[in-house]
Amino acid sequence: MNDRLPASASTSIRLSVNATASTDPEALNATAKFVATPEGTALAYGSLVFMALLPIFFGALRSVTCSKSKNAADMPETITSRDAARFPIIASCTLFGLYLFFKVFSQEYINLLLSVYFFVLGVLALSHTMSPLMSRIFPASFPNKQYQLLFTQGSGESKEEIVNYEFDTKNLVCLLISSVVGVWYLLKKHWIANNLFGLAFALNGVELLHLNNVSTGCILLGGLFIYDVFWVFGTNVMVTVAKSFEAPIKLVFPQDLLEKGLEASNFAMLGLGDIVIPGIFIALLLRFDVSLNKNSRTYFYSSFLAYIFGLGLTIFVMHTFKHAQPALLYLVPACVGFPVIIALFKGELTEMFR
């Protein structure tokens, strides 16, 4: 999913995303209006890489706990091989649909609706992300009352639960803080507020979207590999949507931060799809490591390092050739290839794909 900042925030080298949905893969784009200093470029790219690693690492750790949870509210969404095969088609239809919407309807009103939609999602995602941290910060003596939100339909024996959500005082505090960030984003569209929502979306995606096996992960990443390459190199649809879509579905970092401080306006951008899609595969490999009961995290760390390599290679190629690059073109072979080679040498390839 992708969007852009206002026209005044153009950049010479910009990491940007495919404009589809919060779990869609992203492309890396370049423009040539603002010439960043080498220091500013290095700081921006380095910060984006660091921010991309945070939700993958912590989301993968939380996915292990999530997979063992018996709480219905924390149960993950499992992606099957059938879902994985259909995902690139659905993503393509969504992307092209957005392209037509922006061609027919007013961009201003569409982005207004999207801002409200992502405000609600962002507040909930950030609140869920902060919840474990708040549980550690609050002292044991804190009066933590329990609440339940229950909606039912019908009466007597035909009564049916529609919503049954349990929460406590700590959850309310998280929701309040998240709402403040949400209002800040709506009013100012500040890049820090954008990043807080973006990190929350990415971490929740890695934590709660679970691939059922490695084969499914290969189908998903392979399909999105083709999707990303086609829509970046084959048409102008992705670039057009990326320049029109405004929502916190990317991480941004200013290349002119050293010159203008927090009011900087020339951003490098990285789409959440380039974080979440490889991230759920990396999280799967961590759970596979845990299932082996060998007190080793070989596959997790190898895929994590592969992600760093793939993202670094994407930035290098884009910066060298000054041309849009589909990030999954480099991330997919790296994140899949490295662990598979290790499994082949360790004689665990059959077990990995079982």
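Modeller: Start with Ile282. Leaving aside residues up to four places away in sequence, Ile282 touches Ile56, Phe300, Ser303, Phe304, Tyr307 and Cys335. Keep in mind that this is a predicted model.

Colleague: What makes those residues count as touching Ile282?

Modeller: Contact means heavy atoms within 4.5 Å. Ile56, Phe300, Ser303, Phe304, Tyr307 and Cys335 are in contact with Ile282.

Colleague: Where does Ile282 lie?

Modeller: In helix α9, which covers residues 273-292.

Colleague: Why is Ile282 called buried?

Modeller: Its relative accessibility is 0%. Buried means under 20%. Therefore Ile282 counts as buried.

Colleague: How far apart are Ile282 and Pro339, in sequence and in space?

Modeller: They are 57 residues apart in sequence. In space, C-alpha to C-alpha, they are 9.7 Å apart.

Colleague: What about Val120: why is it called partly exposed?

Modeller: Val120 has 44% relative accessibility. Buried means under 20% and exposed means over 50%, with partly exposed in between. So Val120 counts as partly exposed. Val120 lies in helix α3.

Colleague: Which residues make the nonpolar surface patch?

Modeller: Tyr109, Leu112, Val116, Val120, Leu124, Tyr147, Leu172 and Leu175. The patch has an area of about 740 Å².

Colleague: Which helices supply at least two residues each of the patch?

Modeller: α3 (107-137) and α4 (169-188). The most comes from α3, with five residues.

Colleague: How do α1 and α5 pack?

Modeller: Helix α1 is residues 38-68 and helix α5 is residues 191-208. Their angle is about 35°, and their axes are 7 Å apart. The crossing is right-handed.

Colleague: Which residues meet there?

Modeller: On the α1 side, Met51, Pro55, Ile56 and Phe58 are among them. On the α5 side, the list includes Asn195, Leu199, Ala202 and Leu203. Ile56 also touches Ile282.

Colleague: And the protein overall: how many helices and strands?

Modeller: 12 helices and nine strands. Of the 354 residues, 50% count as buried. Of the contacts with a separation of 6 or more, 74% involve residues 24 or more positions apart. The accessible surface is about 17000 Å², and 66% of it belongs to carbon and sulfur atoms.

Notes:
Residues numbered from 1 in each chain as written. Predicted model: local features only at pLDDT ≥ 70, side-chain atom pairs only at ≥ 80, totals over all residues. Heavy atoms only, no water. Patch = residues over 30% accessible without salt bridge, like charges linked within 9 Å, V, L, I, M, F, W, Y side chains within 5 Å. Areas by Shrake-Rupley, 256 points an atom, 1.4 Å probe, with all protein chains shown as cover. Salt bridge = Lys/Arg side-chain N within 4 Å of Asp/Glu carboxyl O. Helix = DSSP H or I, 4+ residues; strand = E, 2+ residues; numbered from the N terminus. Buried < 20%, exposed > 50% of the residue type's maximum accessible area, 1.4 Å probe, protein only. Axes fitted to C-alpha atoms, helices over the stretch in contact; angles between N-to-C directions. Left-handed = near helix turned anticlockwise from the far one by under 90°.
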